[in-house]
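Welcome, and thanks for opening the viewer.

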Amino acid sequence: MASLGIPKAPKKIQTTLSDAPTSSSEVFTPCHLPATPSSTTLVRNRLETQSFRWFLDSSCEASERRLYLRHRTLRTLKLIIHLQKIPSDCGHHDRIERLELVECWRQAVPSTRLLAAHAEFMEIGPKNVRDVLSSMCTSTGHLMSLVVHLDTLVEQVLGKVDALWRIVKNNGAVLEEFGTDRRLRISKYFEYQHGQTVHWNRLEVQFDAIDRIERSSVSFHRSDLHQHCASLFPTEQQCGKSGLQGLVFLECLLWNVEKLALEC
């Protein structure tokens with residue numbers, strides 16, 4: 001007959017201080033993250049991960065109420081976005097209070113083309129920025145829409161300046177800065193024949209905006225010599241009524257001068 005074994009006494013479970021339950025004051029609760037990232041974080045992430053030429057300028061004085069945007073090519077431009085906290089049901093949210101376009105000549109690069117692009121952007125940029133702000137939703141969620149618009153605007157300006165540069169170079173002229181107020185002018189030295197004598201002259205076109213280049217922008221160094229100067233101005237028949245200003249006018253003018261010089 002099998003004997004019944006005597007059950008062994010259960011082992012005592014020893015507890016240590018580390019196993020003891022903590023008091024209610026020591027219970028950890030999960031941290032509460034903000035409902036949305038800050039405006040600065042959102043904009044920086046988008047600018048760094050997408051191919052924008054704008055970037056957040058961290059060299060400026062830090063402020064949660066202002067964002068500083070700079071352009072990688074036109075370094076003389078800085079856009080300051082002023083933010084304002086607005087109370088809401090969920091606490092507070094930011095809105096765009098105003099935009100400020102600032103010129104930063106300390107960051108200027110010695111380039112006539114970039115100077116022309118800066119002048120062209122400042123001709124249309126401030127009004128364009130005001131119009132955009134008045135027509136768009138001012139929540140910070142629309143900040144990237146503003147950046148996309150400005151990026152497109154700068155690309156259009158750079159394209160127009162490139163077209164100006166090609167016209168100037170293809171016709172043997174020079175685009176240069178003059179004066180103390182960073183004005184621009186196009187100059188071209190040329191020779192022509194009158195009778196049996198070869199004469200010289202110099203054309204100058206001074207302007208502050210490409211679209212405003214017109215007859216009043218043009219001067220000749222020796223305008224009183226012979227009557228060839230008046231015949232060099234583009235006509236409506238040559239470049240059309242809409243071409244009596246801007247790039248078309250300039251291209252026709254420089255071609256007329258070049259043609260006169262080639263006939264020498």
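**First stop: serine 187**

Select serine 187: with a relative accessible area of 12%, this residue is buried (under 20% relative accessible area; exposed is over 50% and partly exposed lies in between, using a 1.4 Å probe and protein chains only). Before moving on, note that this is a predicted model, in which local features need pLDDT of at least 70 and side-chain atom pairs count only at pLDDT 80 or more, while totals for chains, interfaces and linings use all residues. Residues are numbered from 1 along each chain as its sequence is written, and side-chain values use heavy atoms, with hydrogens and water left out.

Serine 187 sits in strand E6; helices (H or I, at least four residues) and strands (E, at least two) are DSSP runs, numbered from the N terminus. Now show its surroundings: leaving aside residues up to four places away in sequence, serine 187 touches Ala173, Val174, Glu176, Leu203 and Glu204, where contact means heavy atoms within 4.5 Å. With glutamate 176 there is also a side-chain polar contact of 3.1 Å (a pair of N or O atoms within 3.5 Å; within protein, one must be able to donate a hydrogen and the other to accept it, and residues adjacent in sequence count only if both atoms are side-chain atoms).

Which residue forms a salt bridge with glutamate 176? Select arginine 185: the closest N and O atoms of this pair are 3.0 Å apart. A salt bridge here is a side-chain nitrogen of Lys or Arg within 4 Å of a carboxyl oxygen of Asp or Glu. Glutamate 176 is partly exposed at 24% relative accessibility, and arginine 185 is partly exposed at 22%.

Arginine 185 also forms a salt bridge with glutamate 204, at 3.8 Å between the closest N and O atoms. That pair links distant parts of the chain, 19 residues apart: arginine 185 lies in strand E6 (residues 183-194) and glutamate 204 in strand E7 (residues 197-207). Glutamate 204 is buried, at 14% relative accessible area.

**Another pair**

Move to arginine 98 and glutamate 100, whose salt bridge has its closest N and O atoms 3.7 Å apart. Arginine 98 is partly exposed at 41%, and glutamate 100 is partly exposed at 29%. The count of salt bridges comes to twelve.

**Last stop: after helix H3**

Finally, select glycine 172, which follows H3 and has a positive phi, near 65°.
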